[in-house]
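Hi everyone, thanks for coming.

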Amino acid sequence: MILDLDIGNTLSKWRLKDTLSSEIRSRGALWTREEWRPGSDIPDLDVVQSVRISSVARKAVLEETVALLRRRVVSVYVARSTAEALGVTNGYEEPRRLGVDRWLGTLAGYQLAGGCCAVDCGSAITVDFVLPGGRHLGGYILPGLRLMKESLKLGTRNVAIDPDSEADELLAPGKNTVEAVNHGIYMAAVSAVNRLYAEVCDREGVALPLLLTGGDARVVSRGLRVPHAVWPDMVYGGLEACFPLTAAERAGRLSGAPRVPVPAALEKIRAGLAFSTLL
């Protein structure tokens with residue numbers, strides 16, 4: 001079995017993948033810990049031959065996690081942000097400072113679509129662009145839905161946005177404080193993604209496929225005006241591309257990869273941008 005770990009600053013996700021069939025056997029999530037308990041926090045390591053890790057947590061958390069795993073597992077692979085990988089050139093002035101989850105999402109998106117806009121809707125919303133040919137432009141970071149809500153300090157942090165709500169409902173004026181907060185932060189998030197996508201496509205002269213991942217991807221996707229796809233395992237897809245361990249991965253088949261969305265024509269994107277600018 002392969003254990004994939006996506007360790008965030010606050011929340012960590014894991015999944016267990018069959019080495020032979022490449023099927024996902026189980027998955028889970030928990031708060032990021034200083035010490036991990038195999039069999040409780042993560043699967044029993046007796047069934048694991050290899051571990052692949054993406055971590056943006058503090059250095060000490062990663063070091064303790066790797067030390068634990070290397071005592072119990074044959075192979076441990078830790079992803080790092082590099083200047084170049086898999087045909088993609090990192091757009092950061094200091095490549096290692098790009099969050100590895102963003103780097104892996106960009107790599108996965110490039111392997112799937114050959115150029116894309118990769119959006120991760122987690123604690124922060126990150127928007128990264130990689131052009132056909134592999135030039136990563138860099139990206140944008142803005143507060144996620146939860147962080148925006150907490151910043152208002154209005155006592156509404158525990159009333160989440162219903163991910164099944166329709167976009168029209170979420171974009172309408174709120175009829176009470178909770179609705180007003182939820183609808184306001186939703187409007188801010190989707191407006192930012194829509195505008196950033198259009199601005200960069202216009203500037204670079206290319207219409208890029210748009211891919212979303214992260215805990216709030218499903219609800220954010222409802223407010224986007226352009227064709228897109230949600231790929232929950234996009235960061236894991238980057239781990240698979242960097243460290244292919246199964247026959248399917250070596251053949252370039254990434255877990256849960258969606259059908260590549262056909263972007264709107266560049267002329268349509270530019271027309272929409274020009275209209276929004278006039279407003």
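**A walk through the sheet, the cores and one loop**

Let's begin with a pair of neighbours: strand 9, residues 124-130, is joined to strand 10 by seven bridges, and the two run antiparallel. Keep in mind that this is a predicted model. If you look along these two strands, you will find Asp128 opposite Gly139 of strand 10.

Next, the rings. The structure has two aromatic pairs. In the pair of Phe129 and Tyr140, the ring centres are 6.4 Å apart and the planes stand at 85 degrees; planes over 60 degrees apart count as edge-to-face, so this pair is edge-to-face. Because Phe129 sits in strand 9 and Tyr140 in strand 10, the pair ties together parts that are 11 residues apart in sequence.

As a general rule, nonpolar side chains in soluble globular proteins tend to be buried together. Here the largest nonpolar core has 36 residues, and those touching the most other members are Val119, Val127, Leu145, Tyr197, Leu210, Leu212 and Val220. Several elements supply at least two residues each, among them strand 8 (116-121), strand 9, helix 3 (145-152) and helix 9 (266-278). Which helix gives the most to this core? That is helix 5, with 10 residues. There is also a second, separate core of 21 residues, including Leu5, Leu45, Val61 and Val78.

Leaving aside residues up to four places away in sequence, Val220 touches Cys121, Leu145, Tyr186, Val190 and Leu212.

Last stop: a loop. Asp18 lies between strand 2 (11-17) and strand 3 (24-31). With a relative accessible area of 14%, Asp18 is buried. Its side chain reaches the backbone nitrogen of Ser21 at 2.9 Å. Again setting aside residues up to four places away in sequence, Asp18 touches Met1, Glu23, Arg25 and Thr246.

How values were computed
Residues numbered from 1 in each chain as written. Predicted model: local features only at pLDDT ≥ 70, side-chain atom pairs only at ≥ 80, totals over all residues. Heavy atoms only, no water. Pairing = 2+ DSSP bridges. Helix = DSSP H or I, 4+ residues; strand = E, 2+ residues; numbered from the N terminus. Phe/Tyr/Trp six-rings, centres within 6.5 Å; stacked < 30°, edge-to-face > 60°. Core = buried A, V, L, I, M, F, W, Y, C linked by side-chain atoms within 4.5 Å. Buried < 20%, exposed > 50% of the residue type's maximum accessible area, 1.4 Å probe, protein only. Contact = heavy atoms within 4.5 Å. Polar contact = N/O pair within 3.5 Å; in protein donor to acceptor, adjacent residues only side chain to side chain.
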